[in-house]
Amino acid sequence: MSDVTARKRGRPRRTESDAAGTRDRILVAAREEFSERGYEKTSVRGIAKAAGVDSALVHHYFGTKEQVFEAAVEIAAAPALSAPAALAEGPVEDIGERLTRFIFGVWENPATRMPLLAIVRSAVNNETAATVFRRLVATQLLRRIAVQLDLPDAELRVELAAAQLVGTAMLRYVIKVEPLASADVEQIIARVAPVVQGHLTGP
């Protein structure tokens with residue numbers, strides 16, 4: 001038996017679960033790096049170091065820094081991006097309240113809020129990050145809701161509704177303006193939902 005054959009047989013083989021674990025570690029590290037350092041100061045090398053892997057593995061699984069960020073955004077925003085599926089059940093007459101309640105439910109839950117906050121902060125401070133975030137939200141959230149309305153100006157309506165929800169969420173959870181930041185979430189939903197409904201289905 002040759003030395004090469006022996007080395008090959010003695011080398012542990014990477015399994016799918018190993019690969020998935022490595023990929024998840026990289027994503028967690030990326031999210032933390034983007035949150036702490038911002039998009040511009042975060043590097044693939046820094047992400048790799050935080051994840052305990054070689055930089056080549058980051059490139060192997062994700063490609064460029066922008067692609068790593070996009071993958072991190074998709075994971076962090078996954079709960080919010082599932083809104084279209086949740087809204088598909090129920091009448092359009094109360095879609096405003098259902099959408100508002102769904103989005104604030106995501107923000108109120110610490111498990112889903114913290115990853116989302118990290119990504120939003122990066123997107124606010126860098127145009128490249130903002131472009132990635134905007135593209136994902138437009139394709140995975142806004143357009144999918146728009147098709148459910150079956151109206152000629154559906155995309156504009158959905159964007160106006162999203163502006164209402166995102167603006168309120170930014171003031172409450174990111175900038176933490178009082179008394180909005182400490183107001184009861186049910187009170188906020190009661191006030192915001194009719195406005196969202198008006199954007200979506202009003203004249």
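The UniProt record, in an unreviewed entry, assigns the feature "domain: HTH tetR-type" to residues 20–80. In the structure examined here, which is a predicted model, this span is 85% helix and 0% strand. The C-alpha atoms at the ends of residues 20–80 are separated by 23 Å. A further feature, "DNA-binding region", is placed by UniProt at residues 43–62, also from an unreviewed entry. Residues 43–62 are 75% helix and 0% strand, with 13 Å between the end C-alpha atoms.

Helix α8 consists of 14 residues. From its first C-alpha to its last, α8 reaches 20 Å, close to the 20 Å expected at 1.5 Å a residue. The buried residues of this helix are Ile95, Gly96, Arg98, Leu99, Thr100, Ile103, Phe104, Val106 and Trp107. These buried residues pack against several helices, namely α6 (78–81), α7 (83–87), α9, α10, α11 and α12.

The packing of helices can be described in geometric terms. Two packed helices are characterised by the angle between their axes and by the distance between those axes. For α8 (residues 95–108) and α9 (residues 110–125), the angle is about 90 degrees and the axes are 5 Å apart. Because angles of 65 to 115 degrees count as roughly perpendicular, α8 and α9 are described as roughly perpendicular to each other. On the α8 side, the contact involves Val106, Trp107 and Glu108.

The contact of α9 with α11 is made up of six nonpolar residues, no polar residue and one charged residue.

Within helix α10 lies Val137. Val137 counts as buried, at 19% relative accessibility, because residues under 20% are placed in that class. Val137 and Phe62 are 75 residues apart in sequence, and their C-alpha atoms are 20 Å apart in space.

Some features of the backbone were also noted in the loops. Most residues other than glycine have a negative phi, and most peptide bonds are trans. Asp150, in the loop between α10 (127–149) and α11, has a positive phi of about 55 degrees although it is not a glycine. Asp150 is exposed, with a relative accessible area of 70%. Lys176, in the loop between α11 and α12, likewise is not a glycine but has a positive phi, of about 60 degrees. With a relative accessibility of 54%, Lys176 counts as exposed, because the exposed class covers values over 50%. Pro179 is placed in the loop between α11 (154–174) and α12 (185–201). The peptide bond joining Glu178 and Pro179 is cis, with an omega of about 5 degrees.

Definitions and conventions
Residues numbered from 1 in each chain as written. Predicted model: local features only at pLDDT ≥ 70, side-chain atom pairs only at ≥ 80, totals over all residues. Heavy atoms only, no water. Axes fitted to C-alpha atoms, helices over the stretch in contact; angles between N-to-C directions. Helix = DSSP H or I, 4+ residues; strand = E, 2+ residues; numbered from the N terminus. Parallel < 35°, antiparallel > 145°, perpendicular 65-115°, else oblique. Contact = heavy atoms within 4.5 Å. Buried < 20%, exposed > 50% of the residue type's maximum accessible area, 1.4 Å probe, protein only. UniProt positions renumbered as here; feature names shortened; annotations may be inferred. Expected span 1.5 Å × (residues − 1). Nonpolar A, V, L, I, M, F, W, Y, C, P; charged D, E, K, R; others polar.
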